[in-house]
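Subject: Structure handover

Hello,

My notes follow below it.

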Amino acid sequence: MDFSGRTAIVTGAGRGLGLSYARALARRGAQVVISDCGSDGSGSGADDSVAHDAVRALRASGARALADTADLGTEAGCQGLVQRTLEAFGSLDILIHNAGWVGYQALEQTDAGFLDRMLGINLYAPIWLARHAWPHLRQSAAPRLLLTTSDRALYPEYAQPGLLAYCAGKMAQVGIMNALGQEGAEHGIRVNAVSPVAKTRMWGVSEEPPELKPDWVTPGVLFLVSEQCQDSGYILRASNGQFSAWRPQEAPGVDYPRDLKRIAAATPEQFARRWGQIKQPFIGA
């Protein structure tokens, strides 16, 4: 899989999963922009050395790479990142929004600052990045946009107390994926999402883990941003070198929104009697 001549922005790429994605793209010929403000595990603070150290390592291996430390919680930061990418490399083909952080705050203690910071990186950043990247992606021969969601948000059995804001942001990226997938279809912009599991600093892991390695997520990510991927709207689950891709599938014959081809109920009592049938999911063919 060759990425020669293509330019990729990877956010949150100074460490962990993002750095693994960026390294792999660079090894296969891509020009890579390492976007990372160097915030801590709670999304606070900044350390410019994180992005610059990653870029120095990539350049030492012969890659063309650029460090960017803009705050992506603002539109100006997102716009500036895209602009500096174009100034350095002249084009933009791939945008991977990997940046994020895990913060715990119980519902009763939720405050506006915490919520704004979480939604800034998970809701506003992908929208502003896409907004300013869009005209340039439209000029690419194989434009790709990849967002990041989480099993913690997607599956009730993996939800955890205190992750309300985090889950809200990660589910928002699924909606953004669906909307932009439709909007980008006529321009060949493929939009998907990854739900990765890897032991990184978010797990409190600073050394190479024996399992759940970031590099074991990367093969699926590279495919989704490659010319070979012609799909949009898929969520790729990736963990321990294993992959599963899925998307919600409508039942056959549905005349949305008038006829769902499902279980009818005219009263609450009738609904209660049929609840066992109603809650059975449709399994697509």
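The domain bounds used here come from an automatic or database domain assignment. That assignment gives domain 1 as residues 7-248 and domain 2 as residues 250-284. The C-alpha centres of the two domains, domain 1 and domain 2, lie 36 Å apart. Please keep in mind that this is a predicted model.

Eight strands make up an open sheet, and their order across it is 3-2-1-4-5-6-7-8. The pairing in this sheet is mixed. At its edges are strand 3 (65-68) and strand 8 (242-246), each of which pairs on one side only. On average, neighbouring strands of the sheet are turned by 20° against each other, with direction ignored.

Some of the pairings can be followed residue by residue. Strand 1 (residues 7-11) runs parallel to strand 2, and five bridges join them. Within that pair, Ala8 stands opposite Val32 of strand 2.

Strand 2 covers residues 31-35 and contains Ile34. Ile34 has a relative accessibility of 0%, so it counts as buried. Its C-alpha atom is separated by 6.0 Å from that of Leu66, although Ile34 and Leu66 are 32 residues apart along the chain.

Further along the sheet is strand 6 (residues 190-197). How much of strand 6 is buried? Seven of its eight residues are, so strand 6 is largely enclosed by the rest of the structure. Strand 6 is joined to strand 5 (residues 144-148) by five bridges, and these two strands run parallel. Here Leu146 stands opposite Asn192 of strand 6. Five bridges also join strand 6 to strand 7 (residues 235-239), again in a parallel arrangement. In this pairing, Ala193 has Ile235 in strand 7 as its bridge partner.

Helices

Helix 4 (residues 112-137) packs against helix 6 (residues 164-184) at an angle of about 15°, and their axes are 9 Å apart. Angles under 35 degrees count as roughly parallel, so helix 4 is roughly parallel to helix 6. The crossing of helix 4 past helix 6 is right-handed.

Is Asp116 buried or exposed? Its relative accessibility is 52%, so Asp116 counts as exposed. In sequence, Asp116 and Gly73 are 43 residues apart, while their C-alpha atoms are 8.9 Å apart in space.

Cysteines

How many disulfides does the structure hold? The number is zero. A disulfide would need a pair of cysteine sulfur atoms within 2.5 Å. For Cys37, the closest cysteine sulfur is that of Cys78, and at 11 Å it is too far away for a bond.

As for accessibility, Cys37 has a relative accessible area of 23% and is therefore partly exposed. Cys167 has a relative accessibility of 16%, so Cys167 counts as buried. The cut-off behind that call is that buried means under 20% relative accessible area.

Regards

Definitions and conventions
Residues numbered from 1 in each chain as written. Predicted model: local features only at pLDDT ≥ 70, side-chain atom pairs only at ≥ 80, totals over all residues. Heavy atoms only, no water. Buried < 20%, exposed > 50% of the residue type's maximum accessible area, 1.4 Å probe, protein only. Helix = DSSP H or I, 4+ residues; strand = E, 2+ residues; numbered from the N terminus. Pairing = 2+ DSSP bridges. Axes fitted to C-alpha atoms, helices over the stretch in contact; angles between N-to-C directions. Parallel < 35°, antiparallel > 145°, perpendicular 65-115°, else oblique. Left-handed = near helix turned anticlockwise from the far one by under 90°.
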